[in-house]
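Subject: Structure handover

Hello,

Here is the structure I promised to pass on. Please open it first, then read the notes below.

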Amino acid sequence: MSVRLQTAPFDPGAESNLFLASNAGGGAAVTFTGLVRSQPGDPVTTLTLEVYAELAEAQIGTSIAEAVSRFGLIKASVIHRFGPLHPGEPIVQVMALAPHRRAAFEGAEFLMDFLKTDAPFWKKEATPEGERWVEAKPEDDHARDRWRTG
Amino acid sequence: MKIKYFAWLRERLNRGEEDVSPPPEVLTVADLIAWLRSRDEAAELAMQKPSLIKAALDTQIVPHTALIANAKVIALFPPMTGG
């Protein structure tokens, strides 16, 4: 189990290979990588993430423990960057190892839904028109809440 | 106690943290927000909608009804946008 918060870029493939190399008998691994988005109709030059690191480490650690016990994961890891990031760069990577694929998919999705709404990060986009804080989306709350009733 | 502010709340208040000594009748997070708003105009404007302010006591996210008495650090911040 690990939580890593860092400003430096990471290599998604290398991280995934490291995670797989320490396989502890699992039959299914899921890796999700979130990237800085910039689309032609809505260009972003820099995405800056602010973090409350002490709280983020505690919150993500708790969510990993919950994912492990709830889905029967063998292990799970979260890497999350903060500071200024540029389009195309990885922001976050969630990796889940389980005996079977459904648990690995669900564990990774649960962790991502949690990160969107309950991990203390805040995104600010710099665009050609100026800077703006990204607003929390109700659909992210709904995505997180469905795990509470499920 | 120490209060930390993040994201647009930090920007609107023009400070990342401060030490405060609220009076004894300030018991909960909701009381604290109301007391902070009563102290200065920037806080009054920034926290006009308390429903947009989330709170953490030390390293735990809590509802506005939580008692603040034993917390060393209280963080106030907008809804989170990680991932």
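Start with one pair of residues: Ala76(A) stands opposite Ala96(A) in strand E6 of chain A. Keep in mind that this is a predicted model.

That pair belongs to a wider pattern. Strand E4 of chain A (residues 75-81) is joined to E6(A) by 6 bridges, and the two run antiparallel. Strand E2 of chain A (residues 28-35) also runs antiparallel to E6(A), with 8 bridges between them. In that pairing, Thr31(A) has Met95(A) as its bridge partner.

How many of the residues of E6(A) are buried? The count is 8 of 9, so to speak a mostly covered strand, spanning residues 90-98.

Now the core. The largest nonpolar core has 54 residues. Ala96(A) is among the members that touch the most others, along with Leu111(A), Leu9(B), Ala75(B) and Leu76(B). In soluble globular proteins, nonpolar side chains tend to be buried together.

Leu111(A) is worth a look. Beyond its neighbours within four places in sequence, Leu111(A) is in contact with Ser63(A), Ile64(A), Ala67(A), Ala76(A), Val78(A) and Val94(A). Ala76(A) is the residue from the opening pair, opposite Ala96(A).

Last, the two chains. In chain B, 15 residues are in contact with 22 residues of chain A. Two elements of chain B give two or more residues to this side: helix H1 (7-13) and strand E5 (73-77). By class, the chain B side has 10 nonpolar, 4 polar and 1 charged residues.

Best wishes

Key:
Residues numbered from 1 in each chain as written. Chains lettered and ligands numbered in written order. Predicted model: local features only at pLDDT ≥ 70, side-chain atom pairs only at ≥ 80, totals over all residues. Contact = placed C-beta atoms within 7 Å. Helix = DSSP H or I, 4+ residues; strand = E, 2+ residues; numbered from the N terminus. Nonpolar A, V, L, I, M, F, W, Y, C, P; charged D, E, K, R; others polar. Buried ≥ 20, exposed ≤ 12 C-beta atoms within 10 Å, placed from the backbone. Pairing = 2+ DSSP bridges. Core = buried A, V, L, I, M, F, W, Y, C linked by C-beta atoms within 7 Å.
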